[in-house]
Amino acid sequence: MRKSSTMAALTGLPLLLIALYALSILLANLTLNTFIPLPVYGLLSVGTIFFAAVFTLRDRIHRAGGLRAVYIAIALALLVNTLFALVTETPWRFIGASFLALLIGELADTGVYQRLIHRNWWTRVLASNAVSVPLDSVIFNLLAFWGDMPTGQIVQIIYADILAKFLIAAVFAFRVRRGARLAV
């Protein structure tokens with residue numbers, strides 16, 4: 001019985017979303033140490049642009065496949081990204097920072113989303129992202145860059161990451177939600 005419910009969580013749309021989720025995290029990790037200076041303040045990691053989609057993808061996985069599909073997606077993303085990082089000889093501090101930030105941020109987001117499961121989709125998404133976006137950004141950037149970069153630059157990276165993740169995730173969520181409404 002347990003096997004069939006796991007297989008049900010991995011069919012159709014949830015399977016596609018899980019693959020996109022893992023791919024987004026992989027692309028984010030491949031570009032994590034390339035930065036774009038923002039016009040006023042902040043250093044935006046190119047990886048953040050890819051990672052911003054993760055928040056909405058995870059929420060869509062939750063909606064399409066349930067909590068089990070979310071846990072499968074997180075585990076798969078951790079496994080794929082850790083193995084890829086080891087094969088490409090990514091520095092251990094990036095592997096550890098990515099693993100811990102992803103694990104803690106995604107589980108926190110999933111916990112908030114799950115507690116609000118009976119609320120409307122926007123409430124769940126906004127509340128869960130309000131917890132996971134800053135948590136992920138602070139944990140990852142402190143672990144990945146502390147000691148290698150000046151504190152001022154790390155603060156600029158954290159600021160730009162949080163700002164970009166919220167903006168990109170909001171646009172992505174709006175488009176996904178709008179598309180779902182139009183399909184009905």
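The backbone oxygen of Ala77 lies 2.7 Å from a polar atom of the side chain of Asn81, which is a polar contact in the sense used here, namely a pair of N or O atoms within 3.5 Å, where within protein one must be able to donate a hydrogen and the other to accept it, and where residues adjacent in sequence count only if both atoms are side-chain atoms. Asn81 is found in helix α3, and because its relative accessibility is 7% it counts as buried; buried means under 20% relative accessible area, exposed over 50%, and partly exposed in between, with a 1.4 Å probe and protein chains only. Not counting residues up to four places away in sequence, Asn81 touches Ala22, Ile25, Leu26 and Asn29, where contact means heavy atoms within 4.5 Å.

Residues are numbered from 1 along each chain as its sequence is written, and side-chain values use heavy atoms, with hydrogens and water left out.

Asn81 is also among the residues nearest the centre of the largest pocket, together with Asn29, Ala85, Thr90 and Ser98, in a lining of 17 residues. On a 1 Å grid over the protein atoms alone, a pocket is an open set of points with protein on both sides within 12 Å along at least five of seven lines, a cavity is a set where a 1.4 Å probe fits but cannot get out, and lining residues have an atom within 4 Å of a point. The volume of the largest pocket is about 170 Å³. Helix α3 gives the most to its lining, with 6 residues, and by class that lining has 11 nonpolar, 6 polar and no charged residues.

How many cavities of 30 Å³ or more does a search of the whole structure find? The search finds 1, and the largest cavity has a volume of about 180 Å³. Its lining comprises 16 residues, with Asn29, Phe51, Asp136, Phe140 and Lys165 lying nearest the centre, and by class there are 6 nonpolar, 7 polar and 3 charged residues. Helix α5 (121–145) is one of the helices that each supply at least two residues of this lining, and α5 gives the most, with 4 residues.

Ser137 is found in helix α5 as well, and counts as buried because its relative accessibility is 0%. Its side chain makes a polar contact of 3.0 Å with the side chain of Lys165, and Ser137 also touches Ile158, Asp161 and Ile162, among residues beyond four places in sequence.

One backbone detail deserves a look. Glu89, in the loop between α3 and α4, has a positive phi of about 55° although it is not a glycine. Most residues other than glycine have a negative phi. Glu89 counts as exposed, because its relative accessibility is 69%.

Finally, a word on confidence. The chain averages a pLDDT of 85, and 89% of the residues score at least 70, pLDDT being the predictor's confidence in each residue, from 0 to 100. Where pLDDT is low, the predicted coordinates should not be read in detail.

How values were computed: This is a predicted model: local features need pLDDT of at least 70, side-chain atom pairs count only at pLDDT 80 or more; totals for chains, interfaces and linings use all residues. Grid points are joined across faces, edges and corners, and a volume is the space filled by probe spheres set on the points. Ala, Val, Leu, Ile, Met, Phe, Trp, Tyr, Cys and Pro count as nonpolar, Asp, Glu, Lys and Arg as charged, and the others, Gly among them, as polar.
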